[in-house]
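Me: I'd like to go through this one with you, a few residues and a helix at a time. Here it is.

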Amino acid sequence: MATSRPPPLNGAWRLRFATNEAAKGWGELGSEAPGNTRRCFDALRKDLASHRDTGRQHRLRGRLSTGNLGGRDLSQQGYEVTSGGRVRHLVDGARRTV
């Protein structure tokens with residue numbers, strides 16, 4: 001059964017999981033480091049172009065700098081949640097979706 005999520009408010013970006021594995025990994029990360037995972041969630045919903053949390057969030061380089069989703073190449077960024085836990089995400093500016 002699909003769960004419905006509330007729409008983003010006040011210009012926040014929409015977060016989506018591309019795979020079930022990504023959703024499962026997010027849940028596991030939240031169990032291991034709930035505070036840091038929440039900070040990551042909040043940072044991803046803000047204007048990503050501003051890079052407010054530059055110590056933890058950055059655009060990936062080289063072959064990882066872009067990823068393809070639905071036939072479209074998108075910028076790929078990373079967020080360091082813990083010393084060993086990273087969230088890689090694609091940024092779809094046209095749809096304001098991460």
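Me: Is F17 buried, partly exposed or exposed?
Reply: This is a predicted model, where local features need pLDDT of at least 70, side-chain atom pairs count only at pLDDT 80 or more, and totals for chains, interfaces and linings use all residues. Residues are numbered from 1 along each chain as its sequence is written, and side-chain values use heavy atoms, with hydrogens and water left out. Buried means under 20% relative accessible area, exposed over 50% and partly exposed in between, with a 1.4 Å probe and protein chains only. F17 has a relative accessible area of 39%, so F17 is partly exposed.

Me: How do the rings of F17 and W26 sit: stacked, edge-to-face or tilted?
Reply: Rings of Phe, Tyr and Trp (its six-membered ring) pair if their centres lie within 6.5 Å; planes under 30 degrees apart are stacked, over 60 edge-to-face, the rest tilted. The structure holds 1 aromatic pair. The ring centres of F17 and W26 are 6.3 Å apart and the planes are at 55°, so the pair is tilted.

Me: W26 also turns up in the largest nonpolar core. Which element gives the most to this core?
Reply: A nonpolar core is a set of buried Ala, Val, Leu, Ile, Met, Phe, Trp, Tyr and Cys residues joined through side-chain atoms within 4.5 Å. The largest one has 12 residues, including W26, L29, L44 and V91. Two or more come from each of α1 (20-32), α2 (34-45) and β4 (86-91), helices (H or I, at least four residues) and strands (E, at least two) being DSSP runs numbered from the N terminus. With 3 residues, the top giver is α2.

Me: Where do the buried residues of α2 lie around its axis?
Reply: The buried ones are T37, C40, A43 and L44. They cover an arc of only 120°, which puts them on the same side of α2; the arc is that of the directions from the helix axis to the C-beta atoms.

Me: How far is V91 from L44, C-alpha to C-alpha?
Reply: V91 is in strand β4 and is buried, at 13% relative accessible area. V91 and L44 are 47 residues apart along the chain, and their C-alpha atoms are separated by 9.5 Å.

Me: Which backbone oxygen does the side chain of Q76 reach?
Reply: Q76 lies in β3 and is buried, with a relative accessible area of 13%. Leaving aside neighbours within four places in sequence, its contacts (heavy atoms within 4.5 Å) include R59, T66 and H89. At 2.8 Å, the side chain of Q76 reaches the backbone oxygen of L64.

Conventions
Polar contact = N/O pair within 3.5 Å; in protein donor to acceptor, adjacent residues only side chain to side chain.
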